Protein chains: 2
Amino acid sequence: MTTAAAVADFRTYPLICAPSGVQSLADRINLEWADGRISPFHHLWLRDNCPCDRCVYSVTREQVFEIVDTPDDLKPTATHIDNDGCLLIDWPDGHHSRFDPGWLRAHAYDDVSRAERLAGIPQSHLWRSDLQIPVFEYTVLMNDNSALLQWLLAVRDIGLTQVRGVPTDPGSLKLIAQRISFIRESNFGVLFNVQSKADADSNAYTAFNLPLHTDLPTRELQPGLQFLHCLVNDAEGGESIFVDGFAIADALRSEDPKAFQALCEIPVEFRNKDRHSDYRCLAPIIALDALGRVAEIRMANFLRGAFDTSVEQMPRLYRAYRRFIAMSRESRFRVMHRLNPGELWCFDNRRTLHARNAFDPATGARHFQGCYIDRDELLSRILVLQR
Amino acid sequence: MTTAAAVADFRTYPLICAPSGVQSLADRINLEWADGRISPFHHLWLRDNCPCDRCVYSVTREQVFEIVDTPDDLKPTATHIDNDGCLLIDWPDGHHSRFDPGWLRAHAYDDVSRAERLAGIPQSHLWRSDLQIPVFEYTVLMNDNSALLQWLLAVRDIGLTQVRGVPTDPGSLKLIAQRISFIRESNFGVLFNVQSKADADSNAYTAFNLPLHTDLPTRELQPGLQFLHCLVNDAEGGESIFVDGFAIADALRSEDPKAFQALCEIPVEFRNKDRHSDYRCLAPIIALDALGRVAEIRMANFLRGAFDTSVEQMPRLYRAYRRFIAMSRESRFRVMHRLNPGELWCFDNRRTLHARNAFDPATGARHFQGCYIDRDELLSRILVLQR
């Protein structure tokens with residue numbers, strides 16, 4: 001890679017294939033590569049992405065040039081590939097651009113290059129009841145960045161992990177959470193205490209059984225990662241149950257496509273209200289990404305408002321909703337574990353539904369602490385660790 | 001309203017019209033109201049929404065009953081309207097439900113009732129260059145909840161407000177932000193300092209002109225509200241410019257529907273990266289809600305990655321992008337103001353694009369502080385203040 005044409009990024013773009021020629025067309029160039037691939041680049045795209053110091057401020061690596069300040073029909077006056085394989089372009093106003101070939105290859109938007117990039121996107125590994133939950137050691141995670149990266153990749157791709165050897169002092173959850181990034185505060189605080197309370201403002205703070213759910217479906221953006229850290233667990237019951245919501249959605253899609261479609265289409269309201277707050281969010285239970293893959297589950301029976309859809313749609317919604325919950329109760333999907341003091345769960349709250357068996361506060365104390373971190377922080381941390 | 005059938009909510013549902021009769025059908029009842037409206041309620045919906053103490057925990061007001069635990073073909077054994085106008089239902093297992101008529105009317109899902117609720121949803125008031133920016137007084141907002149509510153309604157519906165008389169001590173922004181709720185932290189901190197810095201990690205922290213943008217389009221959920229508080233402003237230049245992104249999107253929709261469509265459909269990557277973080281978000285510039293209304297603008301030229309769409313779509317995307325930005329520069333949309341010490345802007349960051357003229361640090365000091373709060377917190381606070 002040539003540093004002369006350094007691009008505004010912290011990543012590097014190794015030269016995996018050199019340009020072999022360039023052809024000029026009316027609104028674009030065709031760049032030919034040594035392996036025969038041809039990548040069209042529109043003139044506006046090239047001018048827009050000029051990496052020079054006048055177009056990109058070198059300190060922030062952010063663009064100061066704006067493409068709207070060029071004419072619609074902008075065309076190079078000359079194009080050329082230099083001895084380093086860089087693409088050189090002269091523009092009519094005297095501006096010059098120089099593009100690193102590794103960067104160009106990595107950002108080419110011909111069909112083959114785009115399909116290659118798409119294939120490189122990390123995939124979720126779906127799981128069922130036979131999941132071997134990935135386990136990590138607190139001390140190692142606190143001291144070793146490569147172990148930290150392995151943990152975060154497991155959280156991203158599997159969505160359920162356990163950490164052992166965590167100190168049982170209240171607040172110590174913060175230390176390991178902050179190995180990833182800052183904590184996302186909510187109306188339940190920065191850290192929340194999961195204990196049975198007489199004046200509970202959520203069923204989570206009772207000794208009740210809690211059915212499988214995501215936390216804070218009442219918010220436009222549900223928290224990405226959830227941590228649950230066990231400080232004391234002397235009470236009988238209270239086991240943690242997990243299912244892979246993506247696996248259930250996938251099974252529903254093939255076993256009952258009409259129910260799947262209904263849960264993708266019909267929005268449902270979730271509510272959380274107490275004396276000081278009144279949160280409501282209207283959204284479908286299953287969200288798909290731009291590629292039609294399941295990207296998010298939103299579910300908590302105890303936080304749900306009355307269904308509000310047309311008379312014609314109502315039976316369809318109930319049928320689909322009941323089916324999803326019935327599936328989440330099937331043993332093929334469920335893993336159940338009792339958390340011991342010094343252990344914590346870290347899971348993808350928008351994918352991995354969690355439940356709790358009822359516990360008996362008369363048999364002993366039970367104290368968990370929890371917190372949230374968003375997916376944005378997880379993915380940023382992974383990218384920085386991978387640099 | 002009868003308290004005997006109290007529903008699990010902090011709101012009240014006045015009896016605006018009494019039930020006059022009930023008719024049983026195969027999978028639902030038809031409730032007839034005194035004004036002739038007929039509201040179907042499915043049996044499952046009624047059982048699901050039973051407000052009794054066994055179905056809803058009275059302390060948390062959250063449901064403990066789960067509708068999946070009933071048979072598909074559940075039917076009442078008896079239905080009856082009592083002297084208070086409540087709907088009484090007996091179920092085959094001996095369970096009884098009693099529904100407050102005000103609550104039923106407020107949650108009825110016949111077409112007329114749904115259209116009524118839809119018409120009651122708050123509408124954005126679109127604005128252009130002749131906007132009279134709503135101005136509020138710090139001391140009043142800190143002490144008077146009805147003034148606070150008026151401010152928050154202006155933020156919600158107009159999306160741009162100014163507050164005057166704010167103390168100019170660093171950190172005092174927190175006090176007024178916390179009148180709404182907790183602050184949303186980001187990778188730039190809880191409060192961020194907008195000052196020209198030699199080691200800037202964003203163009204915001206330079207003296208450059210900043211084109212019209214939303215903050216943190218690099219995140220899955222852009223911050224809902226942005227605060228910018230002026231502590232010192234002795235430098236020449238640096239005026240604030242605002243446009244109503246919803247008004248521009250609306251104008252684009254009618255003046256150039258193809259460009260509008262392209263910005264709704266084609267996702268664009270936004271990036272923010274420094275030595276410690278690497279944020280990326282791929283999303284369309286205009287997001288619509290379930291009703292097809294413009295719900296969000298995502299835009300910051302200096303945080304944009306290289307466009308990545310097919311060769312066929314690329315010219316369409318550039319044409320639309322350039323058109324949107326060109327419109328945002330038109331005087332018909334822009335308001336410009338210089339902020340003085342002790343004044344702050346509070347605006348909807350996902351709607352109101354903001355820009356800054358370049359300033360000259362040699363002519364004097366300039367120090368703003370900023371922070372974010374999410375829309376969820378704004379809407380919750382409004383609902384609590386309206387109780």
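## Relation of the two chains

The model described here is predicted.

Of the interface residues of chain B, 100% are also interface residues in chain A, so the copies meet through the same surface.

## Domains of chain A

The domain assignment divides chain A into domain 1 (19-117) and domain 2 (135-386). Taken over C-alpha atoms, the centres of domain 1 of chain A and domain 2 of chain A are separated by 44 Å.

Strand β7 of chain A comprises residues 87-90. In a regular strand the side chains alternate between the two faces of the sheet. In β7(A), the covered face carries A:L87 and A:I89, whereas A:L88 and A:D90 lie on the uncovered one.

Strand β6 (residues 78-81) of chain A pairs with β7(A) in the antiparallel sense over four bridges, and A:I81 stands opposite A:L87 of β7(A). β7(A) is also joined by four bridges to strand β8 (residues 96-99) of chain A, again in an antiparallel arrangement. Here A:I89 has A:S97 of β8(A) as its bridge partner.

## The two hairpins

The hairpin of β6(A) and β7(A) has five residues between the strands, and A:G85 takes a positive phi near 85 degrees in it. In the hairpin of β7(A) and β8(A), five residues likewise lie between the strands; there A:G94 takes a positive phi near 95 degrees.

Methods. Residues numbered from 1 in each chain as written. Chains lettered and ligands numbered in written order. Predicted model: local features only at pLDDT ≥ 70, side-chain atom pairs only at ≥ 80, totals over all residues. Heavy atoms only, no water. Contact = heavy atoms within 4.5 Å. Domains from an automatic or database assignment. Buried < 20%, exposed > 50% of the residue type's maximum accessible area, 1.4 Å probe, protein only. Pairing = 2+ DSSP bridges.
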